[in-house]
Amino acid sequence: MNPFRLVIKELLYRKINSLVILLTVIVASSVSVAVYTLSKASENETRKIMREQGLNLYLFPKGTNLIDFYSVNQTETFPEHYVDVLAESKTFDAVRHLTGVLQMRYPEWRDANGSVHQIVLFGYRDEAEQKYLPRQETMGFDVKKGTVQLGALVARNVGPGEPFVITGADGRSYEFVVDKRLQEGMGMRDQGVSFHLEDLQQLLGMEGRINKIEALGCVCRDGRIKNARSQVQAIFPDLEVTEIKNIADAREHQRSMMNRYGAFIIPLVVLSALLITGLLFHQNVNARKKEIGLLIAMGRSSGAILFMILSKAYILGFAGGVAGFFAGTWIAEYFGKEIFQFTAWSIGPVWTLFYYTLFLFPLLWMVASWIPALLATRIDAAKILNSDA
Amino acid sequence: MLEISHVSKRFRRGAEVFDALTDINFVVHKGDFIAISGPSGSGKSTLLNVIGGLIRPDTGSVVYGGKSIYEQEGRFLNAYRRREVGFVFQQFHLVPFLTVAENIRLGCAQRSDVEAIGRLLGECSLEKVKDKYPSELSVGEKQRAAFIRAIISAPAILLADEPTGNLDPRNSDILMDLIAEFHRNGGTVLLVSHAPVASGHATRKLQLDLGRILTPAGDPGCPALH
């Protein structure tokens with residue numbers, strides 16, 4: 001008789017045992033998938049929130065007085081191609097999202113009514129692709145050429161639908177389409193105007209120059225900021241690295257919290273489910289002692305007995321793993337919409353996790369049933385078959 | 001065909017020691033029908049299980065076809081149980097989630113054995129219940145199904161341990177006739193039974209008591225031969 005058919009018929013006969021084992025797999029799989037999916041969503045959410053707050057590492061010319069930088073803007077500049085050199089360096093891997101910036105104070109901007117205001121001009125270069133690191137979603141300030149994004153305070157002085165007009169270093173008047181009016185509460189950007197870097201360089205007559213590189217140091221508490229410093233020093237001794245601590249800390253805290261949570265809850269649930277499964281299989285083997293004894297008496301090998309138990313575990317692990325994946329994804333989507341404001345739309349099936357599920361849960365459930373399966377091969381057929389019970 | 005030499009088996013239950021078999025010696029010839037009798041605890045079932053390859057004796061040997069079965073690899077013992085020996089138990093031991101036909105199929109050692117299922121079901125009047133589950137059968141039908149399962153792969157030896165113990169006289173007679181038919185077709189039978197009808201079919205009788213064969217005077221070579 002086909003041994004696989006024997007397994008299926010037993011599985012359907014002992015419905016409650018099979019169903020309870022299946023439920024343990026579904027619970028373990030769905031919790032694992034839900035927690036993992038939510039942790040990914042949390043990372044995206046954090047990334048989104050952090051993006052709103054800006055990048056956390058600044059590279060300045062060495063010796064820059066930061067008080068000057070923020071208030072007076074009389075800072076040294078350096079060549080824009082430094083960004084490309086860093087992006088193409090094999091050894092520079094401690095930071096991501098390299099964005100060249102030119103930031104200058106503009107003391108006398110005249111609005112449409114003729115009033116004069118002191119504003120700050122920001123020019124953003126497109127984020128550099130790091131040649132030797134995997135691609136990531138762009139995080140820098142994205143301003144299209146020919147357009148500007150107005151800080152909330154500046155926007156009050158530019159009428160709806162009107163262009164932003166500013167006089168360049170060459171004395172000419174430049175007009176830009178207003179692409180966005182930023183919300184209030186963005187610090188220095190409230191009183192600033194963001195340009196594409198090339199536009200601002202042309203406006204100020206500072207072609208090829210920047211005075212800051214913004215970047216993201218991914219993990220800041222384990223010393224990678226020190227790495228970033230030493231890596232930059234090794235390439236450009238004339239630059240120094242400054243960390244915006246509060247952003248770095250918030251990001252690190254959020255990420256480590258989700259990782260710690262996932263690292264605790266997933267193994268806890270999976271191990272509990274495996275333990276329950278082991279006990280259920282032990283119970284199953286006890287209930288099947290006579291069948292197994294009979295098979296041994298009829299000359300079935302230990303391998304055939306092992307196959308019978310392990311293939312049941314495989315089938316239930318596979319079916320439960322798949323069901324759990326979809327249940328877990330649904331849970332993550334349902335609760336994720338409540339938890340994550342910005343990235344709820346992006347929560348969906350993590351298909352790489354699905355492939356892991358197909359492989360991992362059958363394997364784990366076979367491991368859980370291994371000891372009961374071994375015990376089954378050691379059943380004393382003579383004793384079992386001659387007992388009256 | 002089968003030579004049992006100096007077989008002893010001792011069981012331990014905690015501090016208690018129990019000699020189930022002590023220095024058992026006898027020869028089984030092809031075509032023998034041996035009825036084994038004796039009081040409870042005399043070692044009848046243990047002897048059948050030792051011969052059937054299920055209980056390894058502490059001392060002595062069981063030689064089949066010139067090979068001591070317990071000195072061979074596990075694979076040999078599995079093949080011996082699958083092809084050479086068929087078991088019938090008092091408790092039937094049908095697998096509850098398989099139909100009658102599927103239970104019998106479980107005993108097939110090779111694909112060609114499956115072809116005999118229909119014929120044997122007919123001979124044992126089980127054709128109508130072949131797709132039924134054990135819980136739907138009468139005890140007589142259950143034991144006949146277990147009997148077909150035991151002989152479906154045409155084993156050389158049929159080991160039957162109190163096969164009529166749970167049957168009424170009518171079903172006992174039917175089963176004994178089937179076992180006798182197996183014997184008439186050249187099979188060798190070792191049958192443990194208290195039933196007189198069983199002794200009636202036997203060509204030899206073996207009586208055990210306290211794990212020893214009661215040896216008739218003047219017959220040391222084949223002690224149970226009458």
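Mentor: What follows takes the strands first, then the cores, the other chain and the contact between the chains.

This is a predicted model, in which local features need pLDDT of at least 70 and side-chain atom pairs count only at pLDDT 80 or more, while totals for chains, interfaces and linings use all residues. Residues are numbered from 1 along each chain as its sequence is written, and chains are lettered from A and ligands numbered from 1 in the order in which they are written.

Helices (H or I, at least four residues) and strands (E, at least two) are DSSP runs, numbered from the N terminus. Two strands pair if DSSP finds at least two bridges between them. Strands E1 and E2 (residues 16–28) of chain B are antiparallel and share nine bridges. Across this pairing, B:Val7 faces B:Ile24 of E2(B). The two strands make a hairpin with two residues between them, and B:Gly14 in the turn has a positive phi of about 65°.

B:His6 lies in E1(B), which covers residues 2–13. B:His6 also has a positive phi, about 50°, although it is not a glycine. Most residues other than glycine have a negative phi. B:His6 is exposed, with 12 other C-beta atoms within 10 Å; a residue is exposed at 12 or fewer such atoms, buried at 20 or more, and partly exposed in between, with C-beta atoms placed from the backbone.

B:Ser125 is another residue other than glycine with a positive phi, near 55°. B:Ser125 sits in the loop between helix H4 (116–123) and helix H5 (139–151) of chain B, and is exposed, with 12 other C-beta atoms within 10 Å.

Chain B also has an open sheet of six strands, ordered E6-E7-E8-E3-E9-E10, with mixed pairing. Its edges are strand E6 (85–88) and strand E10 (212–213) of chain B; each has a single partner strand, so one side of each has no neighbour in the sheet. Within the sheet, strand E3 (residues 33–37) and strand E9 (residues 204–209) of chain B run parallel and are joined by four bridges. One bridge links B:Ala35 with B:Lys205 in E9(B).

Now to the cores. A nonpolar core is a set of buried Ala, Val, Leu, Ile, Met, Phe, Trp, Tyr and Cys residues joined through C-beta atoms within 7 Å. The largest has 107 residues, and B:Leu158 and B:Leu191 touch the most other members. Helix H2 (residues 15–53) of chain A gives the most to this core, 11 residues. Leaving aside residues up to four places away in sequence, B:Leu158 touches several residues, including B:Val88, B:Ile151 and B:Phe182.

Chain A holds 13 helices and 11 strands, and 37% of its 389 residues count as buried. Its helix H11 (residues 351–368) has a kink of about 30° centred on A:Thr357, the bend being the angle between axes fitted to the seven residues ending at a residue and the seven starting there. Among the buried residues of H11(A) are A:Thr357, A:Phe361 and A:Trp365.

Finally, 15 residues of chain A are in contact with 20 residues of chain B, contact meaning that C-beta atoms, placed from the backbone, lie within 7 Å. On the chain A side, the elements giving two or more residues are helix H1 (3–13), helix H9 (289–297) and helix H13 (381–386).

Technical notes: Contact = placed C-beta atoms within 7 Å.
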